[in-house]
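Subject: A structure for you to look at

Hi there,

Here is the structure I promised to pass on. Have a look at it first, and then read my notes below.

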Amino acid sequence: MQQEGDVVLETSMGKITIELYWNEAPKTCTNFYTLAERGYYNGVIFHRIIPNFMIQGGDPTGTGRGGESIYDGGKFEDEVTGALKHTGAGVVSMANSGPNTNGSQFFITLAPTPHLDGKHTVFGRVKHGMKVVQGLGSVVTVVDDRPRDKVRIIRAYTVPADLES
């Protein structure tokens, strides 16, 4: 099982490098890293963007209702810890539809969101590309917080720890 490394999201607005918290959320990090390695996120849109709150993606259907994990059954349990909180912009966390319903969807915060603490697994942070995240957070949206013009992950790839610079 991979225990180190980052994930890079090449988006239609630029690159975002995500540092993963392997020690605190190993199952979640393994899921995200493996999905990126497999090309699962390639071409996937950010389907929900709420200014000053978060950007959400990771659903290959683009509806906000799809996506599966690498684990049997498609969903897996939360790895919530009091040590990791939604303290500011750039926190990477799993989107879910209730306890222990993690799949492939994730979000990146645009501001502190303490009301999400204890409800969503924090598994990383934006290491490089915060200006890209801010740009994504300011796109024009329409009904259901969907971007008017599609913004997508062109390609997601992994950077093993021994290759990080």
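Which residue in β6 stands opposite Gln56? It is Phe107. Before going further, please note that this is a predicted model, where local features need pLDDT of at least 70 and side-chain atom pairs count only at pLDDT 80 or more, while totals for chains, interfaces and linings use all residues. Residues are numbered from 1 along each chain as its sequence is written, and side-chain values use heavy atoms, leaving out hydrogens and water.

**The sheet**

Eight strands make an open, antiparallel sheet in the order β3-β4-β6-β5-β7-β2-β1-β8. (Strands are DSSP runs of E with at least two residues, helices are runs of H or I with at least four, and both are numbered from the N terminus; two strands pair if DSSP finds at least two bridges between them.) At the edges are β3 and β8, each pairing on one side only. Between β4 and β6, the antiparallel pairing has four bridges.

**The helices**

Helix α2 packs on the sheet, touching β1, β2, β3, β4, β6 and β7; here contact means heavy atoms within 4.5 Å. Among the buried residues of α2 are Val132, Val133 and Leu136, where buried means under 20% relative accessible area, exposed over 50% and partly exposed in between, with a 1.4 Å probe and protein chains only.

Helix α1 (residues 26-37) contains Asn31. Asn31 is buried, because its relative accessibility is 0%. Beyond its neighbours within four places in sequence, Asn31 touches Ser69, Ile70, Tyr71, Phe76, Met94 and Gly103.

**Two loop residues**

Most residues other than glycine have a negative phi. Asn52, which is not a glycine, has a positive phi of about 60° and sits in the loop between β3 and β4. Asn52 counts as exposed because its relative accessibility is 66%. Asp144 also has a positive phi, near 60°, and lies in the loop between α2 and β8. With a relative accessible area of 59%, Asp144 is exposed.

**The largest pocket**

Gln56 comes up again here: with Ala95, Asn96, Ser97 and Gln105, Gln56 lies nearest the centre of the largest pocket, which has 20 lining residues. (On a 1 Å grid over the protein atoms alone, a pocket is an open set of points where a 1.4 Å probe fits, with protein on both sides within 12 Å along at least five of seven lines; lining residues have an atom within 4 Å of a point.) The elements giving two or more residues to this lining are β3 and β4.

Enjoy exploring!

Key: Axes are lines fitted to C-alpha atoms, for helices over the stretch in contact, and angles run from 0 to 180 degrees between N-to-C directions.
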